[in-house]
Amino acid sequence: MLAAEEENGTSVDSYVGGRVRLRRTLIGMSQEKLGEAIGLTFQQVQKYERGANRISASMLHKIAQILDVPISFFFDGLGPQGQIPAPAIEAAVEGGRPPSERRETLELVRAYSRITESSVRDSIMALAKSLASHNG
(Lines give C-alpha, C1' and ligand atoms only; values in the text may rest on other atoms or scores of the structure.)
Protein backbone atom coordinates (compact mmCIF):
# COMPACT_ATOMS: atom_id res chain seq x y z
CA MET A 1 0.00 0.00 0.00
CA LEU A 2 1.26 3.47 -0.80
CA ALA A 3 1.93 5.98 1.96
CA ALA A 4 -0.21 8.54 0.12
CA GLU A 5 -3.17 6.18 0.33
CA GLU A 6 -2.80 5.94 4.10
CA GLU A 7 -2.47 9.71 4.50
CA ASN A 8 -5.60 10.39 2.47
CA GLY A 9 -7.63 7.64 4.12
CA THR A 10 -8.15 5.95 0.77
CA SER A 11 -6.63 2.60 1.58
CA VAL A 12 -8.30 -0.66 0.68
CA ASP A 13 -9.12 -1.03 4.38
CA SER A 14 -11.05 2.25 4.31
CA TYR A 15 -12.78 1.22 1.10
CA VAL A 16 -13.85 -2.16 2.51
CA GLY A 17 -14.99 -0.47 5.72
CA GLY A 18 -17.04 1.97 3.69
CA ARG A 19 -18.69 -0.91 1.86
CA VAL A 20 -19.55 -2.52 5.25
CA ARG A 21 -21.12 0.80 6.32
CA LEU A 22 -22.98 1.08 3.01
CA ARG A 23 -24.55 -2.37 3.25
CA ARG A 24 -25.28 -2.09 6.97
CA THR A 25 -27.06 1.22 6.40
CA LEU A 26 -28.93 -0.03 3.34
CA ILE A 27 -30.51 -2.82 5.34
CA GLY A 28 -31.23 -0.52 8.29
CA MET A 29 -28.90 -2.19 10.77
CA SER A 30 -27.25 -0.14 13.51
CA GLN A 31 -23.59 -0.40 14.42
CA GLU A 32 -24.72 -1.76 17.77
CA LYS A 33 -26.70 -4.59 16.14
CA LEU A 34 -23.83 -5.53 13.84
CA GLY A 35 -21.44 -5.42 16.78
CA GLU A 36 -23.66 -7.76 18.80
CA ALA A 37 -23.96 -10.15 15.86
CA ILE A 38 -20.17 -10.39 15.41
CA GLY A 39 -19.34 -10.30 19.11
CA LEU A 40 -17.75 -6.84 19.19
CA THR A 41 -18.64 -3.38 20.45
CA PHE A 42 -20.13 -0.73 18.20
CA GLN A 43 -16.88 1.22 18.67
CA GLN A 44 -15.00 -1.62 16.99
CA VAL A 45 -17.52 -1.61 14.15
CA GLN A 46 -16.89 2.15 13.79
CA LYS A 47 -13.15 1.52 13.55
CA TYR A 48 -13.72 -1.13 10.88
CA GLU A 49 -16.00 1.17 8.89
CA ARG A 50 -13.51 4.06 8.99
CA GLY A 51 -10.66 1.76 8.02
CA ALA A 52 -8.84 2.54 11.26
CA ASN A 53 -8.69 -1.19 12.01
CA ARG A 54 -8.20 -3.87 9.38
CA ILE A 55 -10.92 -6.53 9.12
CA SER A 56 -9.53 -10.07 9.21
CA ALA A 57 -10.63 -12.60 6.61
CA SER A 58 -12.64 -14.62 9.13
CA MET A 59 -14.36 -11.50 10.47
CA LEU A 60 -15.13 -10.29 6.93
CA HIS A 61 -16.67 -13.69 6.21
CA LYS A 62 -18.84 -13.39 9.33
CA ILE A 63 -19.87 -9.82 8.44
CA ALA A 64 -20.75 -10.90 4.89
CA GLN A 65 -23.02 -13.63 6.26
CA ILE A 66 -24.75 -11.26 8.68
CA LEU A 67 -25.20 -8.56 6.02
CA ASP A 68 -26.31 -11.22 3.50
CA VAL A 69 -23.82 -10.35 0.75
CA PRO A 70 -20.99 -12.27 -0.90
CA ILE A 71 -17.52 -11.30 0.29
CA SER A 72 -16.86 -9.88 -3.17
CA PHE A 73 -19.39 -7.12 -2.38
CA PHE A 74 -16.81 -5.45 -0.14
CA PHE A 75 -14.31 -5.23 -3.01
CA ASP A 76 -16.70 -4.30 -5.85
CA GLY A 77 -15.31 -1.33 -7.72
CA LEU A 78 -11.66 -1.82 -6.79
CA GLY A 79 -9.21 -2.01 -9.66
CA PRO A 80 -7.15 -5.14 -10.31
CA GLN A 81 -4.22 -3.74 -8.30
CA GLY A 82 -6.48 -2.51 -5.50
CA GLN A 83 -6.88 0.98 -6.95
CA ILE A 84 -9.60 2.94 -5.26
CA PRO A 85 -12.27 4.33 -7.68
CA ALA A 86 -11.87 8.06 -8.37
CA PRO A 87 -15.15 9.15 -6.68
CA ALA A 88 -14.11 7.35 -3.48
CA ILE A 89 -10.70 9.03 -3.55
CA GLU A 90 -12.23 12.47 -4.11
CA ALA A 91 -14.69 11.94 -1.26
CA ALA A 92 -11.96 10.79 1.11
CA VAL A 93 -9.70 13.71 0.25
CA GLU A 94 -12.59 16.15 0.66
CA GLY A 95 -13.58 14.51 3.96
CA GLY A 96 -17.03 13.58 2.66
CA ARG A 97 -18.74 10.53 1.30
CA PRO A 98 -19.70 9.75 -2.27
CA PRO A 99 -23.41 10.43 -2.88
CA SER A 100 -24.13 6.69 -2.94
CA GLU A 101 -22.92 6.39 0.67
CA ARG A 102 -24.64 9.42 2.20
CA ARG A 103 -27.26 8.70 4.83
CA GLU A 104 -29.96 10.67 3.00
CA THR A 105 -29.36 8.64 -0.18
CA LEU A 106 -29.52 5.37 1.71
CA GLU A 107 -32.69 6.39 3.54
CA LEU A 108 -34.27 7.40 0.23
CA VAL A 109 -33.39 4.06 -1.36
CA ARG A 110 -34.75 2.16 1.65
CA ALA A 111 -38.01 4.12 1.59
CA TYR A 112 -38.35 3.72 -2.19
CA SER A 113 -37.80 -0.03 -1.97
CA ARG A 114 -40.69 -0.34 0.50
CA ILE A 115 -43.16 1.08 -2.02
CA THR A 116 -44.98 -1.95 -3.40
CA GLU A 117 -47.16 -0.35 -6.08
CA SER A 118 -45.21 -0.18 -9.34
CA SER A 119 -47.15 2.81 -10.70
CA VAL A 120 -46.23 4.83 -7.61
CA ARG A 121 -42.59 3.81 -7.94
CA ASP A 122 -42.65 4.80 -11.63
CA SER A 123 -44.13 8.20 -10.75
CA ILE A 124 -41.51 8.83 -8.09
CA MET A 125 -38.73 7.87 -10.48
CA ALA A 126 -40.11 10.19 -13.18
CA LEU A 127 -40.37 13.02 -10.65
CA ALA A 128 -36.82 12.51 -9.42
CA LYS A 129 -35.45 12.48 -12.97
CA SER A 130 -37.41 15.60 -13.86
CA LEU A 131 -36.18 17.47 -10.76
CA ALA A 132 -32.59 16.40 -11.42
CA SER A 133 -32.68 17.63 -15.01
CA HIS A 134 -33.91 21.07 -13.86
CA ASN A 135 -31.30 21.27 -11.11
CA GLY A 136 -28.32 21.89 -13.42
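A pocket here is an open set of grid points with protein on both sides within 12 Å along at least five of seven lines, and its lining residues have an atom within 4 Å of a point. With that in hand, here are the close-up views of this predicted model.

Figure 1. Let us start with the overall view. Of its 136 residues, 31% are buried. Among contacts with a separation of 6 or more, 59% are between residues 24 or more positions apart.

**Figure 2. The second largest pocket has a lining of nine nonpolar residues.** This pocket contains about 220 Å³ of space. Around it you will find Leu-108, Val-109, Ala-111, Tyr-112, Ile-115, Ile-124, Met-125, Leu-127 and Ala-128. Helix 7 (103-113) and helix 8 (118-135) each contribute at least two residues to this lining. If you look for polar or charged residues in the lining, there are none of either class.

**Figure 3. Tyr-112, one of the pocket-lining residues, touches Arg-121, Ile-124 and Met-125.** Tyr-112 sits in helix 7. Its relative accessible area is 21%, so Tyr-112 counts as partly exposed, given that buried means under 20%. Beyond residues up to four places away in sequence, the partners of Tyr-112 are Arg-121, Ile-124 and Met-125. Two of these partners, Ile-124 and Met-125, also belong to the pocket lining. From Tyr-112 to Ile-124 is 12 residues in sequence and 8.4 Å in space, C-alpha to C-alpha.

**Figure 4. Arg-110 of helix 7 touches a run of residues from Thr-25 to Gly-28.** Here is a contact that spans much sequence: Arg-110 and Ile-27 are 83 residues apart along the chain, while their C-alpha atoms are 7.5 Å apart. Leaving out residues up to four places away in sequence, Arg-110 touches Thr-25, Leu-26, Ile-27 and Gly-28.

**Figure 5. Phe-73 and Phe-74 form an edge-to-face pair.** The count of aromatic pairs comes to one. The ring centres of Phe-73 and Phe-74 are 5.5 Å apart and the ring planes meet at 80°, so the pair is edge-to-face, as planes over 60 degrees apart are classed that way. Both phenylalanines, Phe-73 and Phe-74, are buried. Look also for Arg-19, which lies over the face of Phe-73 at 4.1 Å from the ring centre.

**Figure 6. Ile-63 is a buried residue of helix 5.** A relative accessible area of 1% places Ile-63 among the buried residues. Setting aside neighbours within four places in sequence, Ile-63 is in contact with Val-20, Ile-38, Tyr-48, Ile-55 and Phe-74. Ile-38 lies 25 residues from Ile-63 along the chain, with 7.0 Å between their C-alpha atoms.

**Figure 7. Asp-68 has a positive phi.** To find this residue, follow the loop between helix 5 (57-67) and helix 6 (86-94). The phi of Asp-68 is near 60°. For background, most residues other than glycine have a negative phi. Asp-68 is exposed, with a relative accessible area of 62%.

Notes: Residues are numbered from 1 along each chain as its sequence is written. This is a predicted model: local features need pLDDT of at least 70, side-chain atom pairs count only at pLDDT 80 or more; totals for chains, interfaces and linings use all residues. Side-chain values use heavy atoms; hydrogens and water are left out. On a 1 Å grid over the protein atoms alone, a cavity is a set of points where a 1.4 Å probe fits but cannot get out, and a pocket is an open set with protein on both sides within 12 Å along at least five of seven lines; lining residues have an atom within 4 Å of a point. Grid points are joined across faces, edges and corners, and a volume is the space filled by probe spheres set on the points. Helices (H or I, at least four residues) and strands (E, at least two) are DSSP runs, numbered from the N terminus. Ala, Val, Leu, Ile, Met, Phe, Trp, Tyr, Cys and Pro count as nonpolar, Asp, Glu, Lys and Arg as charged, and the others, Gly among them, as polar. Rings of Phe, Tyr and Trp (its six-membered ring) pair if their centres lie within 6.5 Å; planes under 30 degrees apart count as stacked, over 60 as edge-to-face and the rest as tilted. Buried means under 20% relative accessible area, exposed over 50%, partly exposed in between (1.4 Å probe, protein chains only). A charge sits over a ring if NZ of Lys or CZ of Arg is within 6 Å of the ring centre and within 35 degrees of the ring normal. Contact means heavy atoms within 4.5 Å.
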